[in-house]
Each structure stands twice: as structure tokens, then as C-alpha cells.
Amino acid sequence: MGLSSRHLLGLQGVPKEDIQLILDTAVSFKEILNRPIKKVPTLQGKTIVNLFFENSTRTRTSFELAERRLSADVLTFTASTSSVTKGETLKDTARNIEAMKIDMVVMRHNVAGAADFLSKVIQSNVINAGDGQHEHPTQGLLDMYSLREKFGKLEGLHVCIVGDILHSRVARSNIFGLQTMGAKVSVCGPATLIPREIEQLGVDVYHHIDDILPKVDALNVLRIQLEREAGGYFPSLREFHRFFGVTKERLEKAGKPISILHPGPINRDVELSADVADGPHSLILEQVLNGVAIRMAILYLLGTAQ
Amino acid sequence: MSEKILFQSARLIDPSQKKDDVVDILVVDGTIESIKSNISPGSDVKVVSLKDKVAAPGFIDIHVHLREPGFEHKETIETGTLSAAHGGFTAVCCMPNTNPAIDDESIVTFVKTQGLKAHQGIVDVYPIGAVSKNREGKSLAPIAELIQAGAVGLSDDGAPVFDSLVMRRALEYAKMYNIPVMQHCEIPELAHGGVMNEGRVSTELGLPGIPGVAEEIMIARDLILSEYTNARYHVCHMSTAQAVDLVRQGKHKGIKVTSEVTPHHFTLTDDIVRSYDTNTKMNPPLRTKTDVEAMKQGLKDGTIDVIATDHAPHSLDEKEVDYIQAPFGIVGLETAIGLSILELVEQKYLTLSQLVEKFSTNPRKIIGKEIIVREGEKANLTFFDPIIQWKVEIAKFKSKSKNSPFNGRPLKGKAVGIYNHGKLMLY
């Protein structure tokens, strides 16, 4: 049994069985990553192009590592979006690369829907490595993997996503994926960073972090982009930290251990205090390793499907 | 030798005379000679059978982008008027967001001249002059000169007249000539960066939203200014329920306000944006089910006077990019009648006679180009089949651009021809 789609464009609408399959497959790959020899020949002879129109050290290196561990031939293409908008369209860029006979494309792009667009104009499998403020499905999957590993299951968990929900593709992928797997998702952040009508997606909205802490099993704390302050979404980073920052003191008041996820990179002592990031309930470094395993699982499942 | 045409067995609908009869119409050298049942044609008469077809006073689309001068790769006055003709329009008003903008009398003259050359001038081209110089919203364009040269309305369409003082002065100035200021209603800072309706769907898709309030706040301000100046104000392409309510209240108070809606705003909702098809990107954006219903109610109760297409051609290359980069707008001339009959007449929001009002009587009144289908008058007629079912094929559009979200859609009703200035086109 394989995945129901040739592409991974987002987690919205992806059936439970597919998510289950990816998470289960990732378990074996994580086991491989803990071996002394971490390379398998699974995708030998396959060529994967990483098309990164937006800077991303973490996601790009995680994908590259996953691809190399599977013995694929890897080409990474980074282009600032501005140089692309000056001339060649996304369609032309993608088609030119595909003309070189490749098998899969992993794309990061600054515009929502770019991965969907790509999947319509080329033949290769497309994996969305983040499209604008829309989705970041591999991040959503690795977050779910990390939670499942910690709690043994996803069903019945209550996860709160904290911070800039409006601009976050991580938030959207988490909401869609976790809900499919039977978890409850809430969001917490300043009203100016909560997208309109998000309640209609079945999430509860909180603006006071102390109200939500006693109710949740885990927090997924989002990186606050420093330019949001300049954009006027909130008055200052200092105030943001004071009212929305996840601190040890706050977590202790909740009276129970709460697991902490963060997609990185962390602004220490803005959205997350340093002692929490490095604390005993932090899953952050585990997420990084799980990210490689999840990406290997997806590349394997899409790359070997008939 | 005079040219005689007999339009036989047409259902003539002219709301200005409350007329709805099956008649024969004899036209001689462009003038209506006779309207009655059973005119027997002489041997020198060309006969056009219009059995089961409607003949109406020539339709006009008061919101069209013909793109010339400056953007001839999208549309020219020649291709745009042919598209209009095939959509059943004998006249169009073209918006001034050309390059250069229609903010100088020479451009008004140029556009009119091109209109007269295109297809022997069968489609009247009425330019809309810019409100402000280069449509920048800062200082008034030479409004009196534009009007003298032939502009029939004023608009900075594509952009709003955002400065309240410039808007006030534009209203006062336009009032001297009894022409409307046609506003693209959008508070720039509220709409900033948005590409679709703000709401559940934009939240799911992660696309920046344009809230309905961006439109509504400007309408509210303009209504107050219009009341204060007692000037004529026309709301372009309304898209939200609240906007319709504001105009309804304005009319109730006696403010000289008129309004228009596009076929896509009474047909589609923002759900369709889930496809990321850039032909669903237009400004104002597609809204929600509630808003679509409000458009239909507004048409029914007369709050909305006009159906206008906001025909906005863009080349394939320009639209075949990601959603944020893609330009706003879709073509609309050739699908307007079919969508309107399907969504409004079939669903009993409008009678055919009211439909003719929205496409001809009302918009012509707004720009002062009224016509009447009566013996002795110049014949200016639209012919359409009100029951034919057909499927949209964008490849067949006469417009130079094919950017429509309606490809493959089954419609009801279609233009079969037009007659104007003694010229006949049948399809």
C-alpha cells in the first residue's frame, strides 16, 4: 500500500491512512539514522532537485541529508525570488530543470500555492518544502512524529500553537494534520496575528497564554519574525515576550509537564525563554533528527511508488 | 439606393416604453421605419428571422478595459470591440487605466478615433476620463476638457480616489457637467497586499486577504461626500453585502448614487480560489455566499442599477504565474448575457425586461446615452437567444485574451447579433 497522491503539497485533505503510513515508515528510517552506517540504496539512480526560492538552511539541509542517505543524486538550486521575478517565470524555471530528466522536485517558495502550481506544469513528483504562508507539510509531519513518539499516540492530544499564526505555514500544516489524526488544536497569539475566521477550521482561539496552559499536552511555539514588529502587528518584542512568551515560570504555574516544540530557528527570550528551549520537556532537537527521518520516509514513499 | 432590413418575428423588449411584444422591425438606412406585426418584405429587403429571439435596445457595458493605448498585447480597441459585439454590446465605456492614462483630451480623441475605425464603428466606444492626473489621486485631471472631448464619466478605476479632498473636488467639478464619478472603492491601507477575500478560505490558503470593509468604508465616505456636494456618484463593481446595504440606504436618503455589479460577483464565491487558478483573481475579490446572494437581491430590488463586466484582459503569460504575482482581472464581455440569464433570470431574481434595464436602459441613463426603439429613431439593437444552452470555450473568444474562470461552464442565453449605425453583425 502506497500513498494516495503522487505529490505532497500540503496536509489539508490528506487521508489519515497516508499520514499513518508516513509516520510508520519514518520509524524505520529513524532507526537507520541511529546506525553507524546511515546510508541505504533505496533511491539509487533517482535524481532529486531541491528548488529553493527562499532562504532556508534548516529545511534545505534536512532534505539534502535525507536524499543523500537514500543514495539519490541531488541537485540544489537556490535562487532569490527577486531574480526570478525579473525574468524567467516559475513555470519556465521548473520546466527547464525537468528537461534534464529528473524524478522529484522539492520546492520552497515564498508564495502560497506555488507547489500546487508546479505540480500542474511538470511531470515529476513535487514535495512542498513550504509555500508562502500556506503549508509546510514535512514540518507538520515531523511535529506529529515527535508528538507521537513522546505520547505514544496523537488521538486525544491537545496541542496549542503559539505566536504568529497569521503568517505561519507551520501552523496551517499542524492544524490540518493533527485534526485528521484526532488531536485537538488551539491557537494562541495577539489578535493581530490570528487569521480571520480561523475558528471555522475547528480550532479554539486564545489571547492569554495562561488560560490555555492548564489544558494542553504540548505547545508548538512559532518563531516570531522580527520584521512583524516593524510591520505594526504588535507594539514591541518586549511586550510580545511579556504577554506571549513561553517561560519557565509560566509553565510551572500550569501544574503539569507540557512538551515544547519549535520549528526553529529560535529567537531566544522572545517567543521562548532559553531555559525552556533547553529544558527537560523540550522536543526541539529531537524534532531536527525526526525531520530527516520523516523526509526520508516521504521521499521513499513517493520515489518508489509505481 | 437605400438599404432595408426586416427583423422578423422578434420579441421586442424595451423597458423604457414598457414594451414586450413579438413584432417585425423594418429598418431603412439605419433608421427604424416601422414596428408592427407582419410586415411583408419587398424584394429589396434583407430579411433576418428572429423567431424566439429577443430584440432589445443596444446593450452597453459601462466598465471595460480596452487596454489601448499602452497594453496592446492584452487587448486593442479593435479586438475589444469585437469581443463586445459578440457579447451583444453595441457600446462600451472604456476605463482610463491605459498608458498613457486617459487624463488628457488627446487620449480621449485617440480612443474615440480608434473606436470609429474598428469594425466600421458598429460598437460605440465612450471613454471614461481619469479623475486625477495620471490616476495618482493627487490633483484633478483636466475634467472639463476631457468631457468636452467626449468623456462620459470620470474614474481612476484600478485605483481609488483615496484622498477625501480630491474626491470632494472631483464630485463638485463633475456635477457642473452632470456626469458621475465612478469610484473603485478600496481603502488602500486596509487592502494592502491582499489578493483574495479575507475570510475562512484565505486563512486556509495562507493568501493575504482584502477585507470587505476596505470597500465598504470608502463607499460610506463617498456617500456622505456625495450627499454633501449633491453630486452624482457611481459605485463600480460592488462585491459585499454591506456595500449593497450602504447603497440601498443612500438611495433611500435621496443621495444621487448608482451602482454596478459584475457577473462574476453574483456567480462565484471565494471557494473557487482553492484551485489557485489565477483566473479567479480579481479586484474586488470574489466574496462569500452571503455576498453573492446580496448582489442578486440588490439587482432585484433596484439597489444595483447595472450589470457591467469589468472586462480586464491579461495575456496568458501574465496570468500563468503564481497567485500573488498574477495581475487582477478577468475578461467578461462574451459571457455576461449567458451568466446573467442563468443566475438571475432562471433563478427568478429578474425578468427578461429587468435584465434589459440592467444592460441597457439604466447604464445608458447613467452616462447620458439613452436610446429608444421606436419608429423614426436610429436603430441601435441587441439580439439574443434567451434559452439557448451552450458551453464556454475560451479558445473561441474574440477578445485577444482568454483569462476567464468560466471555461467549460454551461450557460444559458447568448447574443445572436447587434445592429448599430446601419451595420449588422450576426453570429
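Buried means under 20% relative accessible area, exposed means over 50%, and partly exposed is what falls in between (1.4 Å probe, protein chains only). You're looking at a predicted model, where local features need pLDDT of at least 70, side-chain atom pairs count only at pLDDT 80 or more, and totals for chains, interfaces and linings use all residues. Residues are numbered from 1 along each chain as its sequence is written, chains are lettered from A in the order in which they are written, and side-chain values use heavy atoms, with hydrogens and water left out.

**Stop 1: helix H4 of chain B**

Select residues 164-176 of chain B, which make up helix H4. Helices here are DSSP runs (H or I, at least four residues) and strands likewise (E, at least two), numbered from the N terminus. Color B:Val166, B:Met167, B:Ala170, B:Leu171 and B:Ala174, the buried residues of H4(B). Look down the axis: they fall within an arc of 135°, so they line one face of the helix; the arc is that of the directions from the helix axis to the C-beta atoms. They pack against strands E9 (153-154), E10 (181-183) and E13 (233-235) plus helix H7 (212-229) of chain B, with contact meaning heavy atoms within 4.5 Å.

Now show B:Arg168 and B:Glu172. Their side chains meet in a salt bridge at 3.0 Å, N to O (the rule: a side-chain nitrogen of Lys or Arg within 4 Å of a carboxyl oxygen of Asp or Glu). The two sit four residues apart in H4, about one turn of the helix. B:Arg168 is partly exposed at 31%, and so is B:Glu172 at 33%.

**Stop 2: two salt bridges in chain A**

Jump to A:Glu149 and A:Lys30, whose side chains meet in a salt bridge of 2.7 Å, N to O. This pair links distant parts of the chain, helix H6 (residues 137-151) and helix H1 (residues 16-33), 119 residues apart.

Next, pick A:Glu64 and A:Arg68 in helix H2 (residues 57-69), four residues apart. Their closest N and O atoms are 4.0 Å apart. A:Glu64 is buried at 15%; A:Arg68 is partly exposed at 41%.

**Stop 3: B:Leu299**

Finish in helix H9 (residues 289-301) of chain B, where B:Leu299 sits. This leucine is buried, with 1% relative accessibility. Show its neighbors: leaving out residues up to four places away in sequence, B:Leu299 touches residues including B:Val261, B:Phe266, B:Ile304 and B:Lys358.
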